[in-house]
Amino acid sequence: MRFDVANGLRVLVCLWAAALLAFLLAGCGADGSSSAGTVVPVSEADFQINAPTNLRAGEYTLRVSNHGPTEHELIVVRSSSGRLPMRGDGLTVSEEALDSQEAGSLEPGRPGAVRDLRVHLTPGRYVLFCNMEGHYMAGMHSELVVSA
Amino acid sequence: MRLHLGTRRPFGSAASNRGTIIAIFVTIGLISIVSIWLSVKVTSGSEHRATTIEVASRQRTLAERYVKEVLLVREGRQADPAYTASVMAASAAALLEGGAAPPVNGDDDGTTLKPAEGSALRNEFAQEARLVGDMTATGEAVLANRPTSGLPQSANEHIGNLDPVQRLRVLAALASNVSLVAARSLTRSDEASIHDLITVQVLLGVGGLLMMIVLASMLLATTRRQSAHFRSLALSSRDLVVVLDQSGCRYVSRSVAAMVGRAEDDLFGNHLAEFIHEQDRPLLASVAATGKPAEFNFRMRNGAGEWRDLEARATDLRADRNLRGVVLHARDTTDRVQLERQLTAQLDRDGFASHLSEALEMADEEDEVLDVIQRATVEISQVTPMELLLSDSSRANLSRAASNPSAEPPGCPVKSPFSCVAVRRGTAVVFDSSEALNACPQLRDRASGPCSAVCVPVSFMGRALGVLHTTGPDGEPLSGEPVNQLTVLAGQAGARIGTVRAFEKTQLQASTDGLTGLVNRRTAEKELRELLKARHLFAVVIADLDKFKQLNDTHGHEAGDRALRLFAQTAKQTLRDNDLIARWGGEEFVIVLPELDRFQAVNVLDRVRHDLAVAHPGETARFTASFGIADSGQADTVEELLNIADGGLYAAKQAGRDRAVVGDESAVKKDTPADSAPETSPPEEEPIVMARKARPPIHEAADEEEPRPSGVQIR
């Protein structure tokens with residue numbers, strides 16, 4: 001029984017082609033998020049947040065656009081008082097203390113980026129803020145009142 | 001690149017192969033160049049970015065340090081916030097617009113930066129520079145105890161309501177944060193470009209690999225087609241191909257394996273030598289070592305155990321990198337060699353046969369023929385005892401006529417042709433041993449001991465003339481080519497001896513007397529000599545017509561001639577076949593009667609006289625004849641014999657004619673004193689003629705009734 005070189009090569013070529021295809025498909029992975037709820041524009045910039053201050057309760061998609069020039073994150077928390085507890089350094093909000101009240105958050109995004117954040121808003125007061133070092137203190141927070 | 005899909009041109013595809021190989025190398029080269037170029041580009045950019053990242057990261061430390069130093073100085077401690085502020089400001093400027101970033105005391109060296117590229121990065125560094133400016137202004141205001149609320153907020157920070165120290169800390173945090181973010185984005189872009197590099201490299205690698213696989217498979221296909229083509233060629237050839245090197249056999253063609261009945265793998269190394277004839281192994285070793293001789297023969301055992309003759313041609317390819325050995329192309333020539341041997345033997349035989357036939361052709365007489373035969377026996381074998389036994393003219397006796405002079409004659413005791421087995425059978429006979437039950441009786445009890453024998457009959461026109469007899473060692477009879485030559489010799493010798501004898505007989509008949517049809521005197525003399533030499537008993541008679549002169553004179557010469565013819569005719573009819581009658585001259589005749597003595601001859605002659613008396617047809621006058629008789633017992637020479645017979649004739653004439661008288665040898669030996677005339681005895685060279693002259697011519701002495709001793713009657 002002799003090894004057929006040409007057949008072996010053919011099998012090898014097929015394997016390589018399959019691997020290449022898989023690689024390319026993985027490269028352009030599909031983003032499965034479908035928008036739901038009302039789209040609400042939220043714009044961030046150094047160092048302010050422009051967002052609606054009154055909304056009805058429900059599902060919302062916050063379309064967050066960062067106008068720079070630096071990176072920003074967005075955290076949405078319920079806050080009955082409107083004042084947020086600070087960490088010991090006096091420069092950042094204590095997210096740990098607000099953990100149970102958080103409605104949603106986005107990690108820091110590059111200037112120019114537009115990202116969606118889906119939130120379920122129930123009636124009450126919310127604060128939208130950026131908790132990068134000093135950003136909250138420099139004015140990046142906005143109050144939102146959700147009515148029933 | 002060309003694809004040979006239609007026609008197969010195994011000898012023309014080298015160019016196509018070269019094209020494929022070049023394409024493979026070009027692909028590898030291009031991919032390597034692109035890959036290296038990309039890597040260099042990405043990593044050199046990356047090196048530059050590393051210093052930028054380092055300086056950007058340093059800003060955070062410096063901002064924190066600045067806040068601490070401001071607070072320390074406010075408490076009255078030793079610190080230099082102004083220096084830290086200047087380093088930060090210079091670093092921020094360098095990060096944005098390029099230039100020297102100053103060293104930090106006791107920390108690191110200064111470094112030169114390129115201007116920031118890309119609007120996002122430039123915006124970040126510009127923002128940082130603004131924040132550093134705001135921070136430094138706030139720090140100075142704190143140290144100077146000035147209010148901070150009115151200070152500019154150039155980076156759009158909303159910090160007017162904060163107390164000075166808090167404001168300073170927030171600004172330091174913002175400045176260091178933006179600096180870190182810029183450094184992180186730089187790192188991220190590095191990662192991105194490295195990711196891109198990896199992607200491109202992978203794509204290049206995969207693409208190149210695929211392309212090379214395609215090319216290589218094409219190359220393989222072509223090569224495979226070629227090798228298949230040559231393999232088919234090699235397989236279809238019955239030539240045996242072997243590659244030898246110092247370690248033995250390195251390759252054998254399938255034909256070799258098929259011949260010796262082993263798998264090809266089982267013949268490598270020293271295993272092939274097992275099939276090569278022991279005597280030929282050194283030769284093949286020498287060929288393997290030196291490539292010489294270029295052409296030679298050797299023997300190899302095939303699967304059936306037979307030795308085959310191989311004719312081989314060696315090609316020295318030890319210098320060829322692809323072979324590094326000596327290539328043998330061999331061919332089985334066994335059948336051809338055998339045929340050649342047969343042909344050579346045939347040619348030898350033919351050569352012997354043609355030489356023999358030439359020699360025999362030149363031999364006119366039997367003695368010469370026998371001499372040729374004797375020489376031929378030497379040519380057949382120098383050591384084999386060989387003899388030719390021939391029958392005499394009576395075909396009753398066999399005697400040795402020739403023998404191999406270089407060996408003792410075998411000495412076959414056979415006496416008669418009919419006692420010889422070979423002669424009786426008419427074919428060659430071989431006796432392995434004289435001691436065997438079925439051996440020829442003539443072989444037994446030879447003086448030389450037990451022997452083998454080959455006997456070939458010699459014959460002419462189906463009549464046996466004799467036998468060629470050879471002996472050999474007991475159990476080892478002559479065989480092979482010598483026997484073939486012996487057969488040739490027997491055939492040709494028989495033909496020649498027969499021809500010579502027939503010729504002599506013809507000559508005998510040709511030399512006859514025109515008038516009577518009888519043989520002449522010379523023939524009679526020869527026959528007499530031979531008989532005497534052979535020591536056979538015979539009688540000789542001299543006959544003379546009575547009163548022949550008178551007949552001639554009275555009735556004329558024609559009547560005389562008729563009388564002579566009548567006598568010859570009558571005598572011939574009366575005599576036996578092997579009796580001889582010759583006209584001696586004039587009215588004299590000589591009659592030779594083999595196997596009869598002189599007294600028996602008298603009876604024969606009386607019958608002749610009687611037949612003559614009753615046979616006298618018409619015109620011929622009646623006449624008689626007188627006879628003188630002698631026999632071989634009376635004398636040793638023909639001359640004496642004739643003299644004795646002549647004496648008898650003389651006596652018959654004297655006694656009254658028409659009678660036969662036996663000659664008296666004593667009278668002749670006494671020099672014929674009584675009969676011969678004293679005046680007639682002159683010594684002469686020819687004894688026979690002299691003897692005849694020694695007495696008076698019979699016809700004169702008798703016919704004329706008055707003998708004239710000195711007269712010579714010549715007709």
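# Briefing on chains A and B

Strand 13 (residues 538–545) of chain B is mostly covered, with 8 of its 8 residues buried. A buried residue has 20 or more other C-beta atoms within 10 Å of its own, an exposed one has 12 or fewer, and a partly exposed one falls in between, with C-beta atoms placed from the backbone. Strands (E, at least two residues) and helices (H or I, at least four) are DSSP runs numbered from the N terminus. This is a predicted model, in which local features need pLDDT of at least 70 and side-chain atom pairs count only at pLDDT 80 or more, while totals for chains, interfaces and linings use all residues. Residues are numbered from 1 along each chain as its sequence is written, and chains are lettered from A and ligands numbered from 1 in the order in which they are written.

**Strand 13 of chain B**

- On one side of strand 13, Phe538(B), Val540(B), Ile542(B) and Asp544(B) are buried, and on the other Ala539(B), Val541(B), Ala543(B) and Leu545(B) are buried.
- Strand 13 pairs with strand 15 (residues 588–594) of chain B in the antiparallel sense over 7 bridges; pairing requires that DSSP finds at least two bridges between two strands.
- Within strand 15 of chain B, Ile591(B) is the bridge partner of Val541(B).
- Strand 13 also pairs, in the antiparallel sense and over 7 bridges, with strand 16 (residues 625–631) of chain B, where Phe627(B) is the bridge partner of Ala543(B).

- Chain A has 1 helix and 9 strands, and of its 148 residues 30% count as buried.
- The contact (C-beta atoms, placed from the backbone, within 7 Å) takes 26 residues from chain A and 28 residues from chain B.
- On the side of chain A that touches chain B, helix 1 (residues 5–27) of chain A supplies the largest share, 8 residues.

**Arg125(A)**

- Arg125(A) lies in strand 8 (residues 124–129) of chain A and counts as partly exposed because it has 14 C-beta neighbours inside 10 Å.
- The C-alpha atoms of Arg125(A) and Ser79(A) are separated by 5.5 Å, with the two residues 46 residues apart along the chain.

Methods: Two residues are in contact if their C-beta atoms, placed from the backbone, lie within 7 Å.
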